[in-house]
Structures are given as C-alpha cells and as structure tokens.
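Trainee: Could you walk me through this one? I want to know what the labels rest on.

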Amino acid sequence: MSTIPPTTHSLTDLLTAVTVQAQHGPADVRVSGLTLDSRQAAPGLAFFALRGAQTDGHQFIAKAVEQGTAVVVCEELPAELNPATAYVQVPDSAEAMAHMAAAFYDHPSKKLKLVGVTGTNGKTTCATLLHKLFRELGYHVGLLSTVQNQIDEEVIPATHTTPDAIRLNALLAQMVQAGCTHTFMEVSSHAVVQHRVTGLQFAGGIFTNLTHDHLDYHGTFDEYLKAKKGFFDSLRKTAFALTNADDKRGMVMLQNTAARRETYSLRNLATFRARLVENAVHGLHLEIDGRDVQFRLIGVFNAYNLLAVYGAAVLLGEDATEVLTILSGLTSAPGRFEPTVSEKTRVTGIVDYAHTPDALENVLSTIAQIRQPSQQVITVVGCGGNRDATKRPIMADLAVKGSNRVVLTSDNPRFEDPNDILAQMQAGVPAQEQGKVLTIPDRREAIKTACALAQPGDIVLVAGKGHETYQEIKGIRTSFDDKQVLQEMFDLLGK
C-alpha cells in the first residue's frame, strides 16, 4: 500500500482547533510525526500524555523528553520543564490529539463521504455490506471495521473496533490518497468517549440498536447510552442521522442532533420501511418501499441491517432500485451467522460473533425460525474474561432456553480463571435444565463434543468469537479459529 509522504507542520497550525491552557518553550516548532507511545518518541515528534484505564502517559513525559521529543501535549505540566521542548497544556489530551491528528493529516475526513455505524449489534455487518455495495456500484471505498480495515479489496489488519485518532486519520489519509470517495466505519462507544472520532467530519451516522454491553467500561447503562448518543450529537447539519425506529432507544439518538433525522423500521412508520415476507434457511424475502426483494442473508436482525444499509445508500444519493438489486446478492461479514455444512451427515455448523445476550438471543431465535422440527440445536458458548461479568449467567440461561444441548466453554479468558467465568455462567442455568448442559473449559474439546453429539441434519452453533482467529489467555494470543476447528471436528468424527 502507498503511504503518506513525510511532511512537517508548524505547531501553531496543529493547535488551531485545540483549547490551550498554557504553552511553554519554543513556539516555532516543526512537527514531523505524532505518537502516544513514549517508546517511539524522537526528535521532531509530538508526544501525547494520555490517561488510560491501565496507565497514565504523564508518567512517561520524562522518557519522551529524554528521547528528544519536540512537543509534549499534557493535562498536567511536569515539575521540571526542558527549555528545548515545547509543552502544551490542555484540558483533555485525547481530545487535543484527535484535533491535532486531523490537522496533521490535512483533514482527510473532509475529502471523503465518511459514514459511521454505531450500536451494540450489527455494526460490522452494516459497515461491511456498505463497503461491498459501494464497490459494486463502482466506487473506490474504504472500510474500518472490527474484522478488518480495507482500501477497496486490499486488507489492513484491525486491532480495535475504532483505531486511535492518530492511526485513524493516517488510515483515512491513505484512503484519500488511494482515490477513495467513500469510507464506512464502525464507531464504538469507547471511541466516542476516548475522543478517537473527535475532529472527523461525517457525511452520516447509522444507529442499529442498544443492548447490554461494555458496562465494565461505562459503569452504567445510562453512560453507555450517552456514549452512543454522543456520536449523533456531534454530527453536523449537512450530515444524515439514520436510526432504528423499532429500538426503544432509537429516537433518543436523534434528540439533540443537528443532522437530518431519518428512520428505518419493520414495524412502524419510517423514512425507510420494510415488511418481512419470509425468513427461511435460503434467505430473507422482504418488501422494501413497495419492492419485493429476495436476500441471501438470514434472520430478522439481518433484515434490520439490510434496511439500514439501503437507507444509508439512498441518503448518499444512490438509486434505490440499483441498491436493492446489488444488496440481494451480497453475503454477510466473516463470523456473522457463517454456515458450514458437514459432508456426510449434513450437520450444519454456524459460527457467530454473538457475545452479548441480545446477539445470542437473536441468533438462537433465527435458528428456531428456520430449523425443521426434527433438527436438534447444540450450542457452544462462553464469555470473555475481564469484561462485563453481569451478562454471564444471562448468556447461559439464553443458550439453555434456545438449545436442545449446551456446552459451556472458555472464550477469551484473558487474565481471569476460565473456571471462575464458567461457574458464573452455570449460576444462570435453571435447576431443571442442568441435565442438558455440559461444561468443558477447553474450547477445542467443547466443539469436538458438540459435533459428536450432533445427529444427521442437526445444527451446531459456536458462539462468541466469530471472525477472531485467536484465543487470548493471560496476555498471550494463540491461534484459534472457530470455523476451522468446527470443520476439523467434522472431518475427524466422519460427519
């Protein structure tokens, strides 16, 4: 991939949109790069001291200065100031970094039609479908998602749902340089609170839904709601704000936005309206704005995703009929209700990223709607460590309610003991349902057991990790791909 040629900017120019409380040291500094990692600090660079959940960048200012950094941006000035270094004191380092990164890369978001997708579930599917759709429409298109970042068909690995503000603006600048006219990105609640998307100019925002997630970070549901709403509050009047009118928090998102307010719905009056005609194993049949369309995607949740994507495309000026024609042939994002069928016994394996109660309920509900009465559903599910623990018993309870057999297993335990997580999940299993639940901490063995239990034609759901190709245990990531392991077990067991 081509890279942005090195350039320098005056510190004064980079501070145009920044609230500066105090400034010390040389004022005529030229800045050749930005970093929030003191280990990368070097002459010509601006170092940002960010306060994080684990570490405080202010502790590393001295190290950055020692390594010759040209500028330090911080909320608290150190006791000793190096006369050769420019110090900029600001109310919020993360916010300042976002504005300075946008300026450093010459405001790339203003040169694109940038659309952000936020909500608990459906972000990746919507962003991915929009990327695929606009590629088919003939545009050069960027994608920023949990699964991967892309410039047209070229993949750039993703590490977070939304990269930090420096990396994000660098990626957008690369997209501009590559000739992209549109970019579609997921906007997480963390990204809003941490100012990762501050300073970006969006052409539109999409809200999918809001359910129980990330309370470990936000503390309360109201704070989580506020974070999502913050994205819409920041949209300009030239942008569109497209919300799910069927979600009970959908209209809340539009309360304070300056953007054009638009809605989509399967149940209520809305700008973009659809009627569900059929939800079957071969796909969805919808009537959208008076047009009959068959889609390859399955499930009511995907009916909402398709409707959101259709609405956004029309709001971006595309022809409605052409959009629906292309959408009817598209497949979903990797790890989102992704099926694999065994060769001999036709057992259907479904890999899905469902890692929240609502997402798991949606997937199991979809399976219930499309399965035959003779088909048993065997679900393999776990919960991640060092994340919202309150959802663990709920996830187990939902799995039991929607399945004939359940295998509770390890997800990404991170720094927690997998057995502790599993004990919390088991607490959600009703006493009368204990007999249909197995607990196997080893995820590979759990998938193997589920496949062994499956009779010809049954359905094995492996939930929680979806597109992820690793398992994270005590800070170490080892290779683990649910879809690959599922296929291996089909082959091993002669399924």
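**Helices, sheet and cores**

Mentor: Helix H13 (residues 418–426) lies across E21, E22 and E23, running at about 150° to E22. This is a predicted model, where local features need pLDDT of at least 70, side-chain atom pairs count only at pLDDT 80 or more, and totals for chains, interfaces and linings use all residues. Residues are numbered from 1 along each chain as its sequence is written, and side-chain values use heavy atoms, without hydrogens and water.

Trainee: What does helix H15 touch on the sheet?

Mentor: Helix H15 (residues 482–492) touches E19, strand E20 (348–352) and strand E24 (459–463). Contact means heavy atoms within 4.5 Å. The direction of H15 makes about 165° with that of E20. Angles run from 0 to 180 degrees between N-to-C directions, with axes fitted to C-alpha atoms, for helices over the stretch in contact.

Trainee: How do you know that E21 and E22 pair?

Mentor: Pairing needs at least two DSSP bridges. Strands E21 (residues 377–381) and E22 (residues 405–408) have four, in the parallel sense, so they pair. Val381 stands opposite Leu408 in E22.

Trainee: Why are E19 and E23 at the edges?

Mentor: The open, mixed sheet runs E19-E20-E24-E21-E22-E23. E19 (338–341) and E23 (437–439) each have a single partner strand, so one side of each lacks a neighbour in the sheet.

Trainee: What makes a nonpolar core?

Mentor: Buried Ala, Val, Leu, Ile, Met, Phe, Trp, Tyr and Cys residues, joined through side-chain atoms within 4.5 Å. Buried means under 20% relative accessible area (1.4 Å probe, protein chains only). The largest core has 42 residues; Phe295 is among those touching the most other members. Helix H9 (residues 300–315) gives the largest share, ten residues.

Conventions: Buried < 20%, exposed > 50% of the residue type's maximum accessible area, 1.4 Å probe, protein only. Helix = DSSP H or I, 4+ residues; strand = E, 2+ residues; numbered from the N terminus.
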